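Let's take a walk through this model together, starting with the overall picture and ending with a few backbone details. Have the viewer ready.

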Amino acid sequence: MTIRLHDSYSGGKTVFSPADPSRVTVYCCGPTVYSAPHIGNARAGVAADLAVRLLRHEYGADSVLYARNLTDIDDKIMAAAKARGVGIGVVTDEATGAYHADMAALGCLPPDIEPRATGHIEEMQALIGTLLSRGHAYAAEGHVLFDVGSFPDYGRLSKLDRDAIEAGARVEVAPYKRDPADFVLWKPSADDEPGWDAPEDWGASRGRPGWHLECSAMIAAVLGAPIDLHMGGQDLRFPHHENEIAQSCCSADLSSVPLARVWLHNGMLRLGEGKMSKSLGNIITPRELLESWPGEVIRFALLSAQYRQPLEWSEELLTSARTQLDRFYRAVDGAAEGAAVPETVLDALRDDLNTPAALAALHELREKAGQGDAEAAAGLLSGGRLMGFFGMEAGAWFKGEGGDDARIDALLKERAEARKSRDFARADEIRDSLAAEGIVIEDGPEGATWRRA
């Protein structure tokens, strides 16, 4: 058993080797819960879910500890709450519920631990205190900032030089910064903003944590640093993950490990000409897609490209995913449960989660299953389930979720009786009316069955 993953920090594939195979620690940066997620957010969740599924298969279900956080204090959340005239708890609860529902619909298993930023303020303040005492942070005008110059390895994850780091700053350079690249660990809160009491020598009586600080504190609190695998979108590589490494390495003695032994970053989804982004306004949400497509179709589409590659999102991609899943479901109908996952599927996933190769292996099994190979059908079932597919019976898959199954079954019964009495005009009328609704009737030796087109 050898899993090779592309480590963003080292810049190449590396053998995944957890410190303790009986306790494999995984962290994925979860959403900032100010609005419903878009399908680009979902790609990160699905990629992390696939990685965790593979690790649990290889190391044992009880040997993998998976944490995915919720950022529930942030300027975007505060702005959304203010615009609606509600407390931030209303906004975060709604957005969290939407995220949970969407991830479940896409076949993502829940994390073992789901820390919320507001539940770890004490740990964040303690981390800041350590950075101040070690000379890696300073207080200025009510803020506490990380001194980037105190960490020589800053920029190794993102592979950016000093000019690129300064050019990539997300906010205007504040006059109280010693260096333009320094980033906020703690900021003051106005009286009408959420805040927590802070030490007097920080310069403000109340404040709130900076975004980058939150994940470092939560990782240390719920998993312990260093961890084995850290995951997130490519857009988080800089500055978020770069800053996580700096904070964590400077506040604890992590030896040569940059917070995580392996850093995995998924590529972005593209819609039209550019990256899908809430700030750009070119987004599609899972909730919108789920009105027209089963969750497994969306998951299949997301996994159709290897996780590190950009993915062009389109209606054609979803249509292709549905067609392929239909073929798979026909092949696994009646397949035996409990078969071992085929090595062809495992080898593909062990090779940096190579989902195109894994799907190709599933297609080979499907072709053999179509020729009557029961072992191949059973392998297809187990391999697909490892990847998060085949969550329902084949009959239910093809019938879909129209909610009027009893009516269609009754019409099929009436059609059978009409054919038996040689009333072919009525039988054809029923067939045509159902076809107009997108219902396909398939006649077989044991009678007629139906599915949604």
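Helices (H or I, at least four residues) and strands (E, at least two) are DSSP runs, numbered from the N terminus. By that count the protein has 16 helices and 16 strands. The model is predicted, so local features need pLDDT of at least 70 and side-chain atom pairs count only at pLDDT 80 or more, while totals for chains, interfaces and linings use all residues. Residues are numbered from 1 along each chain as its sequence is written, and side-chain values use heavy atoms, with hydrogens and water left out.

The C-alpha trace spans about 90 × 55 × 40 Å along its principal axes. Of the 453 residues, 52% count as buried (under 20% relative accessible area; exposed is over 50% and partly exposed in between, with a 1.4 Å probe and protein chains only). Contacts are heavy atoms within 4.5 Å; among those with a separation of 6 or more, 74% come from residues 24 or more positions apart.

Now for the backbone. Two peptide bonds to look at are cis: Ala225 to Pro226, with omega near 0°, and Phe238 to Pro239, with omega near 5°. Pro226 sits in the loop between helix 6 (211-222) and strand 10 (227-233), whereas Pro239 belongs to helix 7 (residues 237-251).

Next, look at phi. Lys159, not a glycine, has a positive phi of about 60°; its loop runs between strand 6 (143-146) and helix 5 (162-167). Phe390, also a residue other than glycine, has a positive phi near 60° and lies in the loop between helix 13 (374-386) and helix 14 (394-399). Are these two residues buried or exposed, or in between? Lys159 counts as partly exposed because its relative accessibility is 46%, and Phe390 counts as buried because its value is 2%.
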